Amino acid sequence: MLQTIALWVALPLLSIAVALPVIRLVRGPTLPDRVVALDVMGTTAIAIFATYALINAQPAFLDAALVVGLIGFIGTIAFAYYAERRL
Amino acid sequence: MIAIIQEIISIILMLIGVLLLMVAGIGVVRMPDIFLRMSAASKASSLGAGCVLLSVAVSAANIAVTVRALAGLLFLLLTAPVAAHMIGRAAYMIGAPLWKGTMVDELKGHYDTRRHTLSGIGAQPSQPRRGTGPLGDNL
């Protein structure tokens with residue numbers, strides 16, 4: 001039951017949620033807009049990996065979710081430093 | 001019986017998390033301003049992904065899976081506010097435009113944008129400039 005709901009309800013909604021910030025990524029006026037859109041996409045990717053680990057009963061995807069979260073955090077920090085020191 | 005309760009709690013948490021992530025995505029697209037976009041993005045998306053991870057942690061029968069999901073949740077809750085603060089500060093420094101309905105910009109004139117320090121400590125605070133919102137100057 002849980003895996004059926006996760007497969008047929010949660011994953012389609014999550015794919016919509018990860019596709020929506022692409023609009024902001026394309027037409028965001030400034031650099032921080034694009035960074036925020038990438039941040040939201042990374043957080044949604046963590047949720048997608050966790051859902052996929054639940055569906056397939058593969059706990060290794062949770063490690064992948066941790067790594068994606070770490071890389072997203074470091075990327076956001078690096079973009080913030082770059083945007084601030086660029087002037 | 002325990003398994004049924006576990007599954008119901010897990011389903012509810014997963015649906016809440018997915019809906020919050022949808023709200024975050026819509027907010028990033030529809031909000032008018034970088035700071036309002038961040039307000040929608042950082043809070044709703046970290047809470048949504050946290051709910052999904054908590055759902056995985058509740059539904060797992062194995063302690064290793066639960067510990068991994070809770071570690072991911074802790075990491076997310078620790079890093080999301082730091083990243084949001086850094087990118088918001090950078091956006092304010094490089095002069096990202098505010099929404100035209102913004103009432104008051106409390107930080108205007110207080111940041112030294114060359115030295116990147118807050119210059120209001122100990123100094124006489126100047127009157128914050130008020131915008132012309134829909135409620136006028138009386139807020």
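Q: Which helices of chain B each supply at least two residues of the lining of the second largest pocket?
A: H2 and H3 (63-93) of chain B. H3(B) gives the most, with three residues. Helices here are DSSP runs of H or I, at least four residues, numbered from the N terminus.

Q: What sort of model is it, and how's it numbered?
A: It's predicted: local features need pLDDT of at least 70, side-chain atom pairs 80 or more, while totals for chains, interfaces and linings use all residues. Residues count from 1 along each chain, chains are lettered from A and ligands numbered from 1 as written, and side-chain values use heavy atoms, without hydrogens or water.

Q: What counts as a pocket?
A: On a 1 Å grid over protein atoms alone, an open set of points where a 1.4 Å probe fits, with protein on both sides within 12 Å along at least five of seven lines; lining residues have an atom within 4 Å of a point.

Q: How many residues line the largest pocket?
A: 17, with Gln3(A), Leu54(A), Ser59(B), Ala60(B) and Ala61(B) nearest its centre. Two or more come from each of H1 (2-19) and H3 of chain A, plus H1 (2-30) and H2 (34-59) of chain B. H1(B) has the largest share, three residues.

Q: New topic: is Thr44(A) buried or exposed?
A: Buried, because its relative accessibility is 0%; the cut-off is under 20%, with a 1.4 Å probe and protein chains only. Thr44(A) sits in H3 (31-56) of chain A.

Q: What's Thr44(A) in contact with, leaving aside neighbours within four places in sequence?
A: Leu14(A), Ala17(A), Val18(A) and Leu21(B), where contact means heavy atoms within 4.5 Å.

Notes: Buried means under 20% relative accessible area, exposed over 50%, partly exposed in between (1.4 Å probe, protein chains only).
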